[in-house]
Amino acid sequence: MEYKTHLISTIVVGLPVMASGGQVELLNIGMLGLGSLLPDIDHPQSFLGQRNKLASGLTNKTFGHRKATHSLVALVVVFWLMSVLATNYLTSRGVYTPFWLTFGYFCHLIEDSFSQEGVNWLWPKKRKTKHSGKFVSYKTGSLAEYLVFGLMICLLLIELRLIWIGQLDDLLDGKYLLVLQTWLFKVIKFFPLVA
């Protein structure tokens, strides 16, 4: 997917979850958006790759595109690093930033799972098969992707209207977000630098 489709799709998925927990704040939305773009740092022509050529070049030369950064290993590392940063350098307003960055990252991986290239979730283990025969798949920059982008823009406009009238938080039960966040913050205790 192109960066704009990743960004819009992830925000469309994340906003109702964010609203259900009363966490619709600019910082959280920013972290969600950053997380949706971060896995493609391994591609020099990506949105973040063009803005940080050093990190992009190093990641691309070391791992290649859609390898390490598109895996569960990277997801855990990103969550851990952001938890360390949030614990040591952010105020209490940033307590949920690790969650929203990781949520955006995870959404990116799911979105790329539907591409024809797919995602190697279990990297560094090699994937045995390609995903080219999937029933529902897209190719980056294709008509299918642009249709998804258009649909996501429409859904985002609906969600923004629901936020405006104060009804977006009614779409999901806030208990699901609380359970997920509680579980993720318990994971932090396994990492000594964060605890």
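Select residues 26–37 for α2 and 97–113 for α6: their axes come within 6 Å and cross at roughly 35°. Axes here are lines fitted to C-alpha atoms, for helices over the stretch in contact, with angles from 0 to 180 degrees between N-to-C directions. Helices are DSSP runs of H or I with at least four residues, strands are runs of E with at least two, and both are numbered from the N terminus.

Before you go on, know that this is a predicted model, where local features need pLDDT of at least 70 and side-chain atom pairs count only at pLDDT 80 or more, while totals for chains, interfaces and linings use all residues. Residues are numbered from 1 along each chain as its sequence is written, and side-chain values use heavy atoms, leaving out hydrogens and water.

**Stop 1: between α2 and α6**

Show the side chains at the crossing. On the α2 side you will find Leu27, Asn28, Met31, Leu32, Leu34, Gly35 and Ser36, which meet Thr97, Trp100, Leu101, Phe103, Gly104, Tyr105 and His108 of α6; contact means heavy atoms within 4.5 Å. By class, eight of the residues in this contact are nonpolar, six are polar and none is charged. Here Ala, Val, Leu, Ile, Met, Phe, Trp, Tyr, Cys and Pro count as nonpolar, Asp, Glu, Lys and Arg as charged, and the others, Gly among them, as polar.

**Stop 2: His108**

Stay in helix α6 and pick His108. Is His108 buried or exposed? His108 counts as buried because its relative accessibility is 0% (buried is under 20% relative accessible area, exposed over 50%, partly exposed in between, with a 1.4 Å probe and protein chains only). Leaving aside neighbours within four places in sequence, select its contacts: His6, Thr10, Gly35, Ser36, Pro39, Asp40 and His70.

**Stop 3: the core**

Which residues have the most contacts inside the largest nonpolar core? They are Leu32, Trp100, Phe103, Tyr105 and Leu156, in a core of 24 residues. A nonpolar core is a set of buried Ala, Val, Leu, Ile, Met, Phe, Trp, Tyr and Cys residues joined through side-chain atoms within 4.5 Å. Helices α1 (3–20), α2, α5 (72–89), α6 and α7 (143–164) each supply at least two residues of this core. Click on Leu156 and look for Ile8, Ile11, Val12 and Leu15, which Leu156 touches when residues up to four places away in sequence are not counted.

**Stop 4: Gly49**

Next, find Gly49 in helix α3, residues 47–51. Gly49 counts as buried because its relative accessibility is 1%. Not counting residues up to four places away in sequence, Gly49 touches Ile41, His43, Pro44 and Ser56.

**Stop 5: a salt bridge**

Now select Lys4 and Glu2, which form a salt bridge with their closest N and O atoms 3.6 Å apart. The rule asks for a side-chain nitrogen of Lys or Arg within 4 Å of a carboxyl oxygen of Asp or Glu, and the count comes to one salt bridge. Lys4 is partly exposed, at 31% relative accessibility, and Glu2 is partly exposed at 22%.

**Last stop: the whole protein**

Zoom out to see eight helices and zero strands. Of the 195 residues, 41% are buried.
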